[in-house]
Amino acid sequence: MEVIIMPDERKATLLSARLIAAQIRRKPDSTLGLATGRTMENLYGVLAEMHRKGELDFSLCRSFNLDEYIGLPENDPNSYRSYMNHHLFSKVNMDLRNTHLPCGCAPDLAKECEEYEKRIAECGGIDLQLLGIGRSGHIGFNEPLSSLASRTRDKALTPTTIQQNAPLFPRPEDMPKRALTMGVGTILEAKRILMLVTGAEKAEIVAKAVEGPITSMVSATALQLHPKCTVIVDESAAEHLQGKEYYRWIFRNEPEWQDYQDLLD
Ligand code: F6R
């Protein structure tokens, strides 16, 4: 695992966007694993702007989102399908038929989850998986005690997650209490993982995720098992990390990061 500390949220977001852009340029038909949430809004804004300026072509990309609420139809303004259409898909040249989210209204949810896994496999797996982290330590909606080998399935959300996301609903009590989510095992199969974490309210949980012992109580700790996982944090989210100086040294000195030094100015 690598941890990159950026001076502020804007630069953490820019670095994430540049790494995604590099992936798409290297492999134009990349399969992207995508996340929703507040942290991703600006990131999708930067990617959309790169596309608008003619710097980034999504036409051959495919995508699989991490999760979707159970019981919300696709066209509900609070569904993750609506979020993705609004923040990214409508602003770039992705073919909507190549964008996938699990369907939270499927008549047979277990079958829907099985088929979602199959569709990912048929696309050759995920090249780059984008992640945020929830206050419960979840990745996707893998709440505490999710098996570290779990696959896409139906999951009950914790009170912490409900408290985190309910304010995004016009009537907070309408937030669904269950979701379909890729499993931790599904996420760990991605060829590369990028987790973006910003803001002081995530400082404690990201320190546990990165430097704490691996435990299903904090699903994000499973990322320590992945051979190519980069965690990008801003200074506020980095507050409780023990190894800050080492992480900064790596970013300044490793050849892989030399093209990104301007972000420290
Ligand atoms: C969303 C998702 C979640 C979020 C996490 C952080 O698809 O999978 O794991 O990434 O809850 O959300 P924000 O960015 O709103 O704090």
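This is a predicted model: local features need pLDDT of at least 70, side-chain atom pairs count only at pLDDT 80 or more; totals for chains, interfaces and linings use all residues.
I then asked which residues lie closest to the centre of the largest pocket. Of the 30 residues that line the pocket, Thr36, Gly37, Arg38, Gln164 and Asn165 are the closest to its centre.

I next looked up which helices and strands contribute to this lining, and I noted that helix H2 (38–52), helix H3 (80–87), helix H5 (159–165) and strand S4 (67–69) each supply at least two residues. Sorting the lining of the largest pocket by class, I get 13 polar, eleven nonpolar and six charged residues.

**Helices H2 and H3.** I turned to how H2 and H3, which both supply residues to the pocket lining, are set against each other. Their axes are 10 Å apart, and the two helices pack at an angle of about 30°. On the H2 side the contact is made by Met40, Glu41 and Tyr44, while H3 brings Tyr83, Met84 and His87 to it. By class, the residues of this contact divide into four nonpolar, one polar and one charged.

**Whole protein.** Last, I stepped back to the overall fold, in which I count eight helices and ten strands. The radius of gyration of the protein is 17 Å, close to the 18 Å that the globule rule gives for 265 residues, so I record the protein as being as compact as a globular protein of that length. For the overall extent, I noted that the C-alpha trace spans about 55 × 40 × 35 Å along its principal axes.

Note on methods: Residues are numbered from 1 along each chain as its sequence is written. Side-chain values use heavy atoms; hydrogens and water are left out. On a 1 Å grid over the protein atoms alone, a cavity is a set of points where a 1.4 Å probe fits but cannot get out, and a pocket is an open set with protein on both sides within 12 Å along at least five of seven lines; lining residues have an atom within 4 Å of a point. Helices (H or I, at least four residues) and strands (E, at least two) are DSSP runs, numbered from the N terminus. Ala, Val, Leu, Ile, Met, Phe, Trp, Tyr, Cys and Pro count as nonpolar, Asp, Glu, Lys and Arg as charged, and the others, Gly among them, as polar. Axes are lines fitted to C-alpha atoms, for helices over the stretch in contact, and angles run from 0 to 180 degrees between N-to-C directions. Contact means heavy atoms within 4.5 Å. The radius of gyration is taken over C-alpha atoms; the globule rule is 2.2 Å times the number of residues to the power 0.38.
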